[in-house]
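This briefing looks at salt bridges. Please have the sequence and the 3D structure open while reading.

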Amino acid sequence: MRRIGKGIGIFLALSTLGWFYFGHASTPAEPALKGAVRAEALESGGRTRSFLAYAPPNLPTRGGALVIVLHGTSMDGAQMRRWNGYAYDSLAEEHGFAVVYRDGVGGSWNDCRRAGARQAKQENVDDVAFLRDVIELMRRRHGVETTRVFLVGYSNGGQMAYRMLAEAPDAVAGAAVTAAGYPAPETSICPAQAAGRPVLLAHGVADRFAPYAGGEAWFFGARPGAVLAAPETAALFARANGLPEKAETHAIGDGVDEKVWRAEGRPPVVLTSLERGGHTIPQKAVRFPRILGPTIADFDMPRAAIDFFGLAKGLKLTR
């Protein structure tokens with residue numbers, strides 16, 4: 001019995017150490033904001049849906065911008081807020097826009113992919129309507145401009161951003177997506193094209209869950225279907241935006257390359273490729289769990305997204 005007890009103790013100790021090494025994410029300090037981040041709820045599609053919202057004191061009473069942040073699988077808005085190092089709160093306060101972190105049903109979104117074992121897909125949750133309802137609530141309560149709504153999505157949240165771009169482009173002024181390839185046509189319930197909107201993509205070349213080179217995506221046993229390669233995803237949006245086929249290519253950091261599709265008067269598309277990046281959001285504040293691969297600090301996705309949306313300069317992007 002002593003040997004059995006000792007063996008169990010060793011197993012539990014090793015399991016704890018393994019979780020801490022592979023599954024632990026660093027925890028950043030929450031910033032001291034001038035306003036309050038509020039837990040909100042509304043009725044949408046016959047369900048009570050929840051989200052966090054921050055409207056800083058310097059948000060214009062009319063015509064302000066709104067950034068909606070969409071979490072990955074098995075996350076919620078609070079975790080997505082934390083895993084971005086609270087950067088969107090700080091940027092919202094610095095530049096005077098509102099930010100919302102929505103909660104998916106069962107930690108998931110009903111995105112464009114046909115397959116999926118998660119609750120939102122199994123129950124065919126209307127997440128497009130939920131996003132519209134959040135926008136309308138923020139318009140009534142804070143005067144945000146409905147033509148200045150931008151999406152930020154990571155992994156499954158990036159897939160949900162793609163569904164909005166495909167099915168409700170009138171509600172979206174632009175999107176910034178990390179670690180998500182557009183669903184391959186045979187696995188998608190959405191059109192194999194997207195309406196012309198500015199799109200910023202960031203993708204780790206070493207991503208094992210949403211492969212940079214395309215093919216079968218997976219998440220710890222779940223296989224929701226094949227996705228396009230990151231360059232193919234960017235090219236899809238470039239074609240939708242009427243941009244030249246050839247992109248400009250720049251090295252913007254150590255192992256960080258940028259491809260830019262642009263033309264006068266057309267919505268731009270940018271793909272940032274992170275040579276050593278995993279299934280993580282590149283930024284300096286948080287190291288994602290090691291099991292998801294390396295977190296790259298040489299590129300700051302939250303700030304890049306806000307710059308791309310034109311919110312740091314108070315500008316609107318070409319629609």
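Is Glu-40 buried or exposed? Glu-40 is buried, at a relative accessible area of 17%, where buried means under 20% relative accessible area, exposed over 50%, and partly exposed in between (1.4 Å probe, protein chains only).

The model is predicted, so local features need pLDDT of at least 70 and side-chain atom pairs count only at pLDDT 80 or more, while totals for chains, interfaces and linings use all residues. Residues are numbered from 1 along each chain as its sequence is written, and side-chain values use heavy atoms, with hydrogens and water left out.

**Count and rule**
- A salt bridge is a side-chain nitrogen of Lys or Arg within 4 Å of a carboxyl oxygen of Asp or Glu.
- Under this rule there are 14 salt bridges.

**A link between distant parts of the chain**
- Glu-40 pairs with Arg-141 in a salt bridge, with 2.7 Å between the closest N and O atoms.
- The two residues are 101 residues apart and join distant parts of the chain: Glu-40 sits in strand S1 (residues 37-44) and Arg-141 in helix H5 (residues 127-142).
- Helices (H or I, at least four residues) and strands (E, at least two) are DSSP runs, numbered from the N terminus.
- Arg-141 is partly exposed, at 45% relative accessibility.

**A pair within helix H5**
- Glu-136 and Arg-139 form a salt bridge at 2.6 Å, N to O.
- Both lie in helix H5, three residues apart, which is about one turn of the helix.
- Glu-136 is partly exposed at 29% relative accessibility, and Arg-139 is partly exposed at 37%.

**A buried pair and a network**
- Asp-111 and Arg-113 form a salt bridge with closest N and O atoms 2.7 Å apart, and both residues are buried.
- A network of salt bridges links Glu-30, Arg-81 and Asp-89.
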